[in-house]
Amino acid sequence: MINSWVRGETIMKNNNSLVEYIKKNILAASFRIIFPLFLAFILFALSIFLIFVPSLKKNMIDQKKEMINELNDSSCTLIWSLLSEYNQRVLSGELTLDDAQARVKKRIRNLRYGPESEDYFWIIDTKARVILHPFMSDLEGRDQTNGMDALGKYIHVAFVTAAQMKGSGYVDYLWQGKEGSPKKVPKIAYVKLFEPWGWVIGTSIYVDEIHSKIQVITHRLFKIFAGVLIIVLVLSVYITWQAMEIAKKGHQAEKAHRLDSLRLKKLRELNQMAEASLEDLTAFSLEEAIKLTRSCIGYLVFLNDDETEVTLHTWSNNFFMESNIPGKEKIYKMEQTGLWGEAVRQRRSVIINDYKNMDSGHKKGYPKGHVSIIRYMNIPVFDGGKIVAVASVGNKKENYNKSDVRQLNLLMDGMWKIIHRKRSEVALRKSEERYRLLTDNVSDNIWTLQLSDMCLTYVSPSVEKIMGYTPEQILKLSFKDCMTKGSFKKVFIMVSEELKKENEPGIDPKRSRVTQLEQIRKDGSMIWTEITTCFLRDEAGKADRMLGVTRDITERRKMERQLQQSQKMEAIGTLAGGIAHDFNNILSSILGFTELAKMKSTHDPAMAEKLDKIFASGIRARDLVRHILAFSRQQEVHRESIFIVPLLKECMGFLRASIPRTIEIVQDFNADGCAVMADASQIHQIIMNLCTNAAHSMRGKSGLLEVCLKQVEIESWERLPAKGLKQGRYLKLTVADSGCGIPEQIVERIFEPFFTTKECGEGTGMGLSLVHGIIKDMGGAIYVYSELGKGTAFQVFFPVHRCRATEVSPSGNIFIKGTGRILLVDDEEDIVISGRSILMTMGYDVVGVTCATEALDLFKETPDGFDLVLTDVTMPKMTGIALSKAILTIRKDIPIVLMTGFSEGATSQLENIGVFGTVMKPVIARELAQVIHTALGDT
């Protein structure tokens, strides 16, 4: 700094000699500037008068010609059409040539056109003889070959020449002025040759106004150039004077250059302090600012985010030497500050070169012991649109100026950029630490993918937990190596679709997409993942990478499948409830009429045997409906302790009759005396479904069907493939076949409702799901093992029941006879007919109706005429429940029996309305006789 000041003093000593040298050479320097200026002025004037003005005149004449052409276009077209028309009439012999020409001249003589309808046409022939002139009729018929204008130009010859050369053209000439003025003025004629008659048709307009305009323009240009000459002379004087001023300020420029060089040097030193502490950085910046502005004191304050408080950060060293202020504060409210806050309030630099005499509402003076203030400069430091700091210097020996403001601004801006960068680096390090902490500990896998080659460029450490690979291992793999072909195809399609959307207007560049994929772990196992992806972009905004987050959703998928299974069960329940009523009505008719037929065929054993088969099939259909209703929780299951072996033997007998003889059946039942708590029809359903499926797997070839039953003891430590069984005794039923087997990928789905591998029309997909539901309700378990091409084995575990069991015996056809009058109500006519016939066979008097309201009217007529009411529950117009309530209001002691296909909730409803009981559809005679006998109290 001292060396710089020494160099400055040397320059000041040499300054006088520099000024004298410039004064001696100022005239030569001025001449070198003024001479080219005058030369350029003269050349410009010559180019204007010798080139521009003639060119302008020519352009104006050309424009006039174009105007003639535009004005005459329609009129000339009309004349040409007129001439062509009459010429055609001459050629056709309609008119003579003289007659046609006379008529044409007459019409053209009166033709006018133009803006004021004053322009006209004249005609001469190719020998310059005047054929027609509307205003100079004395020239008509006269030879004008020697006719000249004021310049001696043979104008009529020029007209003929222009027309004959190109068919049409323009001719310039002088003619007398408008309204007979003797003054000769320029005109332009437009001529055109009508070759069939040798006529030259012409018209002309005056162009004397062009010459007048050119004269006016030339006169004005002379005035302008005279004024410019005066300006050039004044400018020459000014340049000479300015050169003197420049010479005087030369040393000031050198001084400013020296300050700029010094400032740049200090800025370089400031940039090298990037690793310094905040205190060292601000102290250095403030001291150098004081030196650059040649001030004596200075300070630096920082502002809070909302610019309401200032914090005194740094005082200059000289301030503490020259001041003695006790208890200096650090933080000040903005409204409490005087000149400190003026730069913030005005949001610009503030210079005060006469502090003593200044008049300001914010001048609050300074405390006792403060260094005296003579001059003062205060500048704000901006970060974007917000003021972040204020730097102030004071007591310069000379006045502060814009150069001082510039020096202080640049230095403080440089300081703040370094402070901002240091803060950004600290924030970045903290952000990176948080990001690293997040990516290292998050359970989801975060990754980036290069779109050009579909290779991973980054994966978070959590990938090892999900995929089994370390980050280093998986980065060496291709993206498609980590997933199934179907999933990779899905990714490829997704990326293609999103890239195609990039060209759509208004598309969100920050959009994301969620996709579920099946991925392959390092150990070869499959897992389901959910990836959320979005594009990363290059500097041009083009998508070149993909950012993704992968989450293991294998367990969630299992839960979703369980939920879907539950929803399917709900659908089954809804379906079962919807068809139960109609199906049971159909079965009621079948079973009813079958029983009636059996009653009539007592003397025909062969017919009775056939009817028994029909009846047995109907009972099986009834049981199937009940199983479906029980499976969907719309039918009560009646479980009791029964011996299972007799049921198995009975089922195997049925199966042998329906399974092809090419299939050998081997059965081994070693569980005599073991009972289970079950519904006999459900056990029948399990056996029939498992064995029927086994037979289907061996269809078309010979095979072996094994059905085994034995008692097993399950200990708590024993590991079984069928999970969830409690410790205890179980009956293990094994149904094995040597069929085609079940593919591994669908083994887990075979118990889903409606899932089947059979062809359309061969299976409903309900069999195994029903079996699974029955076994689970019994507290048992089912397990399947299968190998493709070798066969399948189902193992079913039934808990052994220790209470006394009952033997399941075939149902008989013993009817209980009785007497009484019964009102039978059902909306199905066949049920009414069959039911009435069966009841009458038992000895009852029956009145059958198919309408509930009609039944109510009958009962109202003779309330005491009936001993019992037998009604269906679900009927149109009035339900069986409503009918029962209405009948009981009339006669409370009448026994009512309801027929229904549902049993769920029936008990509570019976208690509420007071009916005797229910009988489940489809109704068979033996059950119906028992219920009616009990309801009537017969003994």
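**Strands, helices and salt bridges in a predicted model**

Gln 727 is exposed, with 54% relative accessible area (exposed means over 50%, buried under 20% and partly exposed in between, with a 1.4 Å probe and protein chains only). This residue is found in the loop between β20 (703-714) and β21 (728-737), where helices (H or I, at least four residues) and strands (E, at least two) are DSSP runs numbered from the N terminus. Gln 727 and Glu 715 are 12 residues apart in sequence, and their C-alpha atoms are 5.2 Å apart in space.

The structure is a predicted model, in which local features need pLDDT of at least 70 and side-chain atom pairs count only at pLDDT 80 or more, while totals for chains, interfaces and linings use all residues. Residues are numbered from 1 along each chain as its sequence is written, and side-chain values use heavy atoms, with hydrogens and water left out.

The protein has 23 helices and 28 strands. Of its 939 residues, 43% count as buried. Among the contacts in the protein with a separation of 6 or more, 63% come from residues 24 or more positions apart; a contact means heavy atoms within 4.5 Å.

Strands β20 and β21 run antiparallel and are joined by 10 bridges, and Ile 714 has Gly 728 in β21 as its bridge partner.

Another open sheet of 5 strands has parallel pairing and the order β25-β24-β26-β27-β28. Here β25 (845-849) and β28 (917-920) stand at the edges; each has a single partner strand, so one side of each is left without a neighbour in the sheet. Neighbouring strands of this sheet are turned by 20° against each other on average, direction ignored. Strand β26 (residues 868-872) and strand β27 (residues 896-900) run parallel and are joined by 4 bridges, with Thr 871 having Leu 898 in β27 as its bridge partner. Helix α19 (residues 829-841) lies across β24 (821-825), β25 and β26, and runs at about 175° to β25.

Two packed helices are described by the angle between their axes and the distance between the axes. For helix α20 (residues 852-861) and helix α21 (residues 880-890), the axes come within 10 Å and cross at roughly 10°. The two helices are therefore roughly parallel to each other (angles under 35 degrees count as roughly parallel, over 145 as roughly antiparallel, 65 to 115 as roughly perpendicular and the rest as oblique). In α20, Ala 852, Ala 855, Leu 856, Phe 859 and Lys 860 meet Leu 883, Ala 886, Ile 887 and Ile 890 of α21.

Strand β14 (residues 512-520) and strand β15 (residues 526-537) pair in the antiparallel sense over 9 bridges, and Ser 512 stands opposite Cys 534 in β15. Their hairpin has 5 residues between the strands, and Gly 524 in this hairpin takes a positive phi near 90°.

Side chains of opposite charge can pair when their charged atoms come close. The count comes to 26 salt bridges, each being a side-chain nitrogen of Lys or Arg within 4 Å of a carboxyl oxygen of Asp or Glu. In one of them, Glu 497 pairs with Arg 513, with the closest N and O atoms 2.8 Å apart. Glu 497 lies in helix α13 (residues 485-501) and Arg 513 in strand β14, so the pair ties together parts that are 16 residues apart in sequence. Glu 497 is partly exposed at 35% relative accessibility, and Arg 513 is partly exposed at 25%. Glu 502 and Arg 511 also meet in a salt bridge (2.8 Å, N to O); Glu 502 is partly exposed at 23%, whereas Arg 511 is buried at 14%. A network of salt bridges links Glu 497, Glu 498, Lys 501, Glu 502, Arg 511, Arg 513 and Arg 537.

Technical notes
Axes fitted to C-alpha atoms, helices over the stretch in contact; angles between N-to-C directions. Pairing = 2+ DSSP bridges.
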